[in-house]
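Here is a short briefing to read alongside your model. Please keep the sequence and the 3D view open as you go.

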Amino acid sequence: DFSHAFTVRRAHPLADLSPQRGVVRRLHHSWLAPWWIGRTGRTTLLVVGGLVIVAGGGRDLAWPVPLIARELLAQAHGRPVHLLLHGGARGADQAIALAADQLGWPAAAHAADWRRFGRGAGPIRNRQLLEQAIRHAQSQSTPHSAVGVLVVAFPGGAGTASLLQLSRQRVLSSPVPLLVVEVAHSLGSALAPD
């Protein structure tokens with residue numbers, strides 16, 4: 001019974017109502033549930049079978065690694081993680097790498113090239129992370145099981161805001177399911193061990 005599925009509207013960040021492709025995606029209450037694609041009169045069920053995660057956050061984020069791991073695991077909703085990508089910087093990125101290791105997930109860092117690109121290196125790296133994640137998800141997808149991209153942004157500054165903005169802009173044109181999640185700063189104090 002899929003009566004609880006709903007059509008995503010353009011205002012929703014997961015919407016893909018691209019008229020040139022004639023695509024309307026319908027999602028279950030969880031974005032990772034069956035991913036519906038309606039195309040000119042016929043509907044195909046495509047199941048999201050795994051994830052590529054792009055995770056980032058601020059250099060000053062000092063959350064304990066188990067808390068980062070717990071949040072990443074919760075956001076994955078039990079889906080297998082094919083790859084976790086991060087920016088390789090100090091702070092959140094280091095904790096994310098350690099959390100991925102604790103969870104047994106393959107991870108790769110993609111550091112910004114500050115010498116080559118100067119102040120533009122962060123946004124360039126963020127775009128490259130996102131595009132690498134989409135390419136990897138496409139390569140792992142099959143005709144009946146898509147691998148989605150999940151962007152998890154822990155609290156941070158301008159670099160994290162850049163990752164969020166780029167990811168939200170890419171949602172509408174992504175060839176794979178793409179979700180952007182911003183983790184609340186208050187989560188760190190609410191879930192930290194006593």
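This is a predicted model: local features need pLDDT of at least 70, side-chain atom pairs count only at pLDDT 80 or more; totals for chains, interfaces and linings use all residues.

Residues are numbered from 1 along each chain as its sequence is written, and side-chain values use heavy atoms, with hydrogens and water left out.

**The largest pocket**

- The largest pocket holds about 340 Å³ of space.
- A pocket here is an open set of points on a 1 Å grid over the protein atoms alone, where a 1.4 Å probe fits, with protein on both sides within 12 Å along at least five of seven lines; lining residues have an atom within 4 Å of a point.
- Of the 21 lining residues, R59, R125, A158, G159 and T160 are the closest to the centre.
- Two or more lining residues come from each of β4 (42-56), α4 (121-140) and α5 (158-171); these elements are DSSP runs, with helices (H or I) of at least four residues and strands (E) of at least two, numbered from the N terminus.
- By class, the lining has seven nonpolar, ten polar and four charged residues, with Gly counted as polar and Asp, Glu, Lys and Arg as charged.

**Helix α1**

- Helix α1 (residues 65-76) has twelve residues and spans 16 Å from its first C-alpha to its last, close to the 16 Å expected at 1.5 Å a residue; the expected span is 1.5 Å times one less than the number of residues.
- The buried residues in α1 are V65, L67, I68, A69, E71, L72, Q75 and A76; buried means under 20% relative accessible area, exposed over 50% and partly exposed in between, with a 1.4 Å probe and protein chains only.
- Just after α1, H77 has a positive phi of about 50 degrees.

**Salt bridges**

- The count comes to two salt bridges, each being a side-chain nitrogen of Lys or Arg within 4 Å of a carboxyl oxygen of Asp or Glu.
- R170 pairs with E131, and their closest N and O atoms are 3.0 Å apart.
- That pair links distant parts of the chain, with R170 in helix α5 and E131 in helix α4, 39 residues apart.
- R170 is buried at 18% relative accessible area, whereas E131 is partly exposed at 24%.
- R168 pairs with E182, with the closest N and O atoms 3.1 Å apart.
- This second pair joins helix α5, where R168 sits, to strand β8 (residues 178-182), which holds E182, 14 residues apart.
- R168 is partly exposed at 43%, and E182 is exposed at 51%.

Key
Grid points are joined across faces, edges and corners, and a volume is the space filled by probe spheres set on the points.
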